[in-house]
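Visitor: I've got a new model open and would like to go through it with you. Can we take it piece by piece?

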Amino acid sequence: MPFKKDFLVFCLLLFALCTRAASILIPMDETQKDHLKSYGLAYWTLKNGQEIEWLLNYRGGSFLMKYDQKIEGECKIRGVSYEVVADAKVNSILNEINDPSANMDVVKLEKAPRMAVYSPKNKLPWDDAVTLVLKYAEIPYDVLYDEEVIRGDLPKYDWLHLHHEDFTGQYSKFYGTFRYAPWYVEDVKVQEAMAKKLGFKKVSQMKLAVAQHIRDFCSGGGFLFAMCSGTNTLDIALAAAGTDICETMFDGDASDPNAQRKLDYTQTFAFQNFSIDMNPYSHSFDNIDVTQTRQVERANDFFTLFDFSAKWDVVPSMLTQNHDKVIKGFMGLTTAFNKNFLKPGVTIMGEMKTANEARYIHGEYGKGQWTFYSGHDPEDYQHAVGDPPTDLKLHPNSPGYRLILNNVLFPAAKKKKQKT
């Protein structure tokens, strides 16, 4: 009888050990109530000193972390779906992921990156998708603009986002439509005053210096994420360094008639052999962007994410984690990139193949890495100047916004040695 009792106690203890709550799994498939806040929960966990395992291609790119009552409580507060899993289940998941035949992998996230957003201090009649989603996900960031960049503040950060911006000094090519609008007049005044304060004769010269600081930030090991016109205008400014591409209404003197021939594509991040549009009344900067020429109806406007090998192509796999591989298209000052003008070595992560458009691209620059994402707002197809900001409470499972947040966590990943 004592033997049976002891054996029963032993079995109960063994059962408790095998089924104890050891980890928290944040599923990122269709079962997740709020994908966007899940990234904020992951960032909060890293900020509080705990590591995370990012399970690439497992249930939409789920997050796994050691069990902690505080984390569980935070999940409940933020409305994030979670599962408490025992050690035996964790081992089963990891064995499934580590199977050589499975297109899955585990990436360890170690430290919350220091976040910065390059954004104007004056109020303009449009919002920015990245700041919207960072606020919604409760991910903290600092706002920098020209003065802080020129002052040399960028090395303090790991990650930099470029707000809807025009680095060519042409005020987003809004002259033809909005030159009499009070906000446009005020923006010109503010920009010119800042250029003078920082010792530049022209706004275009100030923006070039900012672009070069951003390039150096990335070259030195920083992570750069840009959307909409913050992508191609950055490359235009870098390629046109020392050449005047602005007409009189923008900088007080005529442009260089030989500007096109003087472009230096070796200075750019992503694009080469492009032509610039120097017509001040045009809304186009170049032929990189296809907004003015594309023949795509809204009902057919979508792009597809590439399916990378998680075990071999770890970086693009991280950046394309999603519960949906087909993403709704959305427009912007820069809607999509003409693939003919991409540099060799640029990784296309999302494209509309039938239209020869790249929507989501990535590359390396020096010791750093960059990601360009075309379009203005993933949940507002044609966001116009003056439109109200998107309410992300209505889009907590947005696949398009998830791509932005993949880039937020990307710098936290422990670097792996290349397998190729």
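Visitor: How many aromatic pairs does the structure hold?

Guide: There are 26 aromatic pairs in it. Keep in mind that this is a predicted model. One of the pairs is Trp54 with Phe63, which is tilted, at 5.6 Å centre to centre and 40° between the planes.

Visitor: Are Trp54 and Phe63 buried or exposed?

Guide: Trp54 is buried, and Phe63 is buried too. Phe63 also belongs to the largest nonpolar core, which has 118 residues. Together with Ile361 and Phe372, Phe63 is among the residues with the most contacts inside that core.

Visitor: What does Phe63 touch?

Guide: Leaving out residues up to four places away in sequence, its contacts include Ile24, Leu25, Ile26, Met28, Trp54, Leu109 and Leu409. Ser38 and Glu53 are on the list as well. A second, separate core has twelve residues, among them Tyr58, Leu64, Val90 and Leu94.

Visitor: Switching to strands. Which way do strand 2 and strand 5 run, parallel or antiparallel?

Guide: They run antiparallel, joined by five bridges. Leu56 stands opposite Asp105, which is in strand 5.

Visitor: Why call strand 5 largely enclosed?

Guide: Because four of its five residues, which span 105–109, are buried.

Visitor: What does Lys108 pair with?

Guide: Lys108 forms a salt bridge with Glu51, and the closest N and O atoms are 3.6 Å apart. Glu51 is in the loop between helix 2 and strand 2, while Lys108 is in strand 5, so the pair ties together parts 57 residues apart in sequence. Both ends are partly exposed: Glu51 has a relative accessible area of 37%, and Lys108 has 30%.

Visitor: What else is in that loop between helix 2 and strand 2?

Guide: Gly49 is found there. Gly49 is exposed, with 65% relative accessible area. In space, Gly49 and Ala112 are 8.6 Å apart, C-alpha to C-alpha, though 63 residues separate them in sequence.

Visitor: How many salt bridges turn up in the whole structure?

Guide: The search finds 21. Another one of them is Asp251 with Lys202, at 3.3 Å, N to O. Asp251 lies in helix 11 and Lys202 in the loop between helix 8 and helix 9, so this pair ties together parts 49 residues apart in sequence.

Visitor: Is that pair buried or exposed?

Guide: Buried at both ends: Asp251 has 14% relative accessibility, and Lys202 has 15%. Shared partners join Lys202, Asp244, Asp251 and Asp253 into one salt-bridge network.

Visitor: One last thing, backbone. Where is Ser172, and what is its phi?

Guide: Ser172 is in the loop between strand 8 and helix 7. Its phi is positive, about 60°, although Ser172 is not a glycine. At 6% relative accessibility, Ser172 counts as buried. Arg59, in the loop between strand 2 and strand 3, also has a positive phi, near 50°. Arg59 is partly exposed, at 23%.

Methods
Residues are numbered from 1 along each chain as its sequence is written. This is a predicted model: local features need pLDDT of at least 70, side-chain atom pairs count only at pLDDT 80 or more; totals for chains, interfaces and linings use all residues. Side-chain values use heavy atoms; hydrogens and water are left out. A nonpolar core is a set of buried Ala, Val, Leu, Ile, Met, Phe, Trp, Tyr and Cys residues joined through side-chain atoms within 4.5 Å. Buried means under 20% relative accessible area, exposed over 50%, partly exposed in between (1.4 Å probe, protein chains only). Contact means heavy atoms within 4.5 Å. Helices (H or I, at least four residues) and strands (E, at least two) are DSSP runs, numbered from the N terminus. Two strands pair if DSSP finds at least two bridges between them. Rings of Phe, Tyr and Trp (its six-membered ring) pair if their centres lie within 6.5 Å; planes under 30 degrees apart count as stacked, over 60 as edge-to-face and the rest as tilted. A salt bridge is a side-chain nitrogen of Lys or Arg within 4 Å of a carboxyl oxygen of Asp or Glu.
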